[in-house]
Amino acid sequence: MNITRVAAIFEKDFKEFMRNMMLFTSVLIPVVLAAFFGRMDGGEGGVPDEIVIIIVGVVFSAVTFSSMMTMMAEENEKDTLRGLLQSPASIIDIIAGKSAVITLMTIISLVASIMLVEADGFWSMENIAGLILLGIFFLNLGIGIGLLVKSVATTSVYLIPIMFLFGFTPYIEFLVTDEGHIARQIAECFPLYQNLYILNGDGGAAEYLILLAWVAVSFGIVIWAFNRRKSDD
Amino acid sequence: MIHVKELKKTFGVEHALKGIDFEVDKGEVFGLLGPSGSGKTTTIKLLTGEFKSSGGNIEVNGTTDKHFKKTSYVKHLGILSDKTSLYDRLTVGDNLELYRKLYNAPKNVVDEVLGKVGLLEEKGKRVSKLSKGMKQRVMLCKAVLHKPDVLFLDEPTSALDPTTTEKIHEMLEELKNDGTTIMLTTHNMDEATRLCDKVAFLYEGVIKETGSPEDLRHRYKRNEVHLTYEDGGIRTVGRDVENQGLLKEALFDTSVIDIRTDFPTLGEVFKKVTGKELV
């Protein structure tokens with residue numbers, strides 16, 4: 001990885017992000033949602049943790065995952081990725097530059113959203129550690145799927161299920177009220193639930209281990225996508 | 001500079017290249033000519049490391065194809081692909097600045113190359129606002145701003161207007177004079193005749209003929225002489241012993257206003273070699 005080249009790609013992608021309305025508005029979606037939910041009262045003077053964590057899920061799925069996937073898909077669609085790969089920039093430089101932009105946008109969207117819902121104890125070290133793992137998971141999903149998606153139009157095919165499964169996981173409580181139901185038990189192993197437990201103060205080593213396992217799975221997806229793309233070429 | 005030996009490429013059961021050989025010397029302009037689907041773009045992609053070969057040997061600028069992905073190889077190449085790869089939302093300057101930084105080229109090169117193709121005034125314009133010809137010129141700037149040792153051009157003037165084509169030809173001639181080794185693919189015979197020191201006819205994955213445009217035209221000239229008379233009549237006679245007397249007479253015949261041998265165009269040579277038109 002070459003820092004000068006990563007910085008050049010970061011600068012290019014940052015400008016592209018700011019001029020692409022589809023990407024730029026994705027940063028605002030969680031903020032608008034937070035402004036709306038910020039008016040809800042959790043009974044103890046704050047917004048319920050379930051709502052806070054769903055806003056977190058929207059930030060990571062709509063900004064981190066979706067923007068990364070869309071940026072990669074657009075590079076594939078317009079053949080600009082080919083141009084970059086014909087230059088001294090490696091795929092690692094390209095992904096690092098893009099990831100830096102997406103991370104910056106994710107932080108902006110997350111901080112603004114959390115400020116609006118005024119979630120107490122959100123910025124604890126334990127919660128930040130959980131958020132970093134969740135961020136890596138969504139970023140890797142975006143990279144992996146982005147490497148394979150050939151056009152921006154097809155990104156929506158992946159966006160809806162990923163958002164539903166990983167961005168809105170706690171919503172299952174409204175759909176399946178039986179706590180012992182198998183669907184609830186499976187959902188509770190999903191990454192966003194681990195962040196919910198950590199935010200509640202119920203998190204321990206198990207939650208971090210489950211998050212780490214999901215991160216490992218996401219790295220596996222990236223490696224698989226790399227190899228699949230290589231064999232396609 | 002470029003050595004290709006028995007190069008093969010297959011896609012499934014389709015044989016795109018069936019074992020081609022050619023050599024390009026340093027500072028030479030080499031044209032790979034052939035109709036669509038003949039394997040020209042595949043050859044460029046193999047030489048630039050985008051495709052892996054199915055057999056044979058390639059060496060470019062002292063590097064074998066096993067090392068084509070290395071930065072040390074890539075940074076000495078300039079590539080103009082058949083598809084545009086510019087960022088539409090960014091300005092011309094932003095696009096070129098990106099590549100200048102990726103190649104670690106001096107700061108002034110962006111203005112320098114834009115000036116050469118007459119686009120310096122468009123530096124602040126978004127790429128989406130440019131015409132196809134302008135985009136192609138920016139693409140060429142992108143390919144040459146780091147002063148590559150070898151320049152690969154895939155159909156550099158395909159579907160462009162004559163003015164843009166002329167500007168691109170002028171820039172390529174300048175690069176050729178500066179000693180850049182250029183390999184281009186084209187099906188434009190006039191372009192090949194003007195720019196190339198050496199050409200190869202690629203047809204159905206096989207190189208059918210190679211040589212300088214002039215050599216090929218000489219090699220395939222018809223053994224005929226055309227006599228044009230002042231009344232507009234043209235007589236074609238064979239250039240042989242049988243017509244020796246007639247041709248001598250024609251030299252002193254005042255009614256003959258033009259005597260010329262039949263010198264084929266490169267396109268005609270291609271047709272003679274392959275039996276197909278170059279389209």
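**Note on the predicted model, chains A and B**

1. Of the 279 residues in chain B, 51% count as buried. The model is a predicted one. Chain B's secondary structure amounts to 10 helices and 13 strands. Its C-alpha trace spans about 70 × 45 × 30 Å along the principal axes.

2. Chain A carries a record annotation. An unreviewed UniProt entry lists residues 51-224 of chain A as "domain: ABC-2 type transporter transmembrane". In the model, that span is 79% helix and 0% strand. The C-alpha atoms at the ends of residues 51-224 lie 34 Å apart.

3. Next, a charged patch on chain B. B:Glu230, B:Asp231, B:Glu249 and B:Asp253 gather on the surface as a patch of negative charge. One of these residues, B:Asp231, sits in a loop of chain B, between β11 (222-229) and β12 (234-238). Is B:Asp231 buried or exposed? B:Asp231 counts as exposed because its relative accessible area is 68%, and the cut-off for exposed is over 50%.

4. Now a helix residue. B:Thr274 belongs to helix α10 of chain B, which covers residues 266-274. B:Thr274 has a relative accessible area of 14%, so this residue counts as buried; the cut-off is under 20%.

5. How many residues separate B:Thr274 and B:Tyr203 in sequence? The two are 71 residues apart along the chain, yet 7.2 Å apart in space, C-alpha to C-alpha.

Notes:
Residues numbered from 1 in each chain as written. Chains lettered and ligands numbered in written order. Predicted model: local features only at pLDDT ≥ 70, side-chain atom pairs only at ≥ 80, totals over all residues. Heavy atoms only, no water. Patch = residues over 30% accessible without salt bridge, like charges linked within 9 Å, V, L, I, M, F, W, Y side chains within 5 Å. Areas by Shrake-Rupley, 256 points an atom, 1.4 Å probe, with all protein chains shown as cover. Salt bridge = Lys/Arg side-chain N within 4 Å of Asp/Glu carboxyl O. Lys, Arg positive; Asp, Glu negative; His and termini not counted. Charge placed at Lys NZ, Arg CZ, Asp CG, Glu CD. Helix = DSSP H or I, 4+ residues; strand = E, 2+ residues; numbered from the N terminus. Buried < 20%, exposed > 50% of the residue type's maximum accessible area, 1.4 Å probe, protein only. UniProt positions renumbered as here; feature names shortened; annotations may be inferred.
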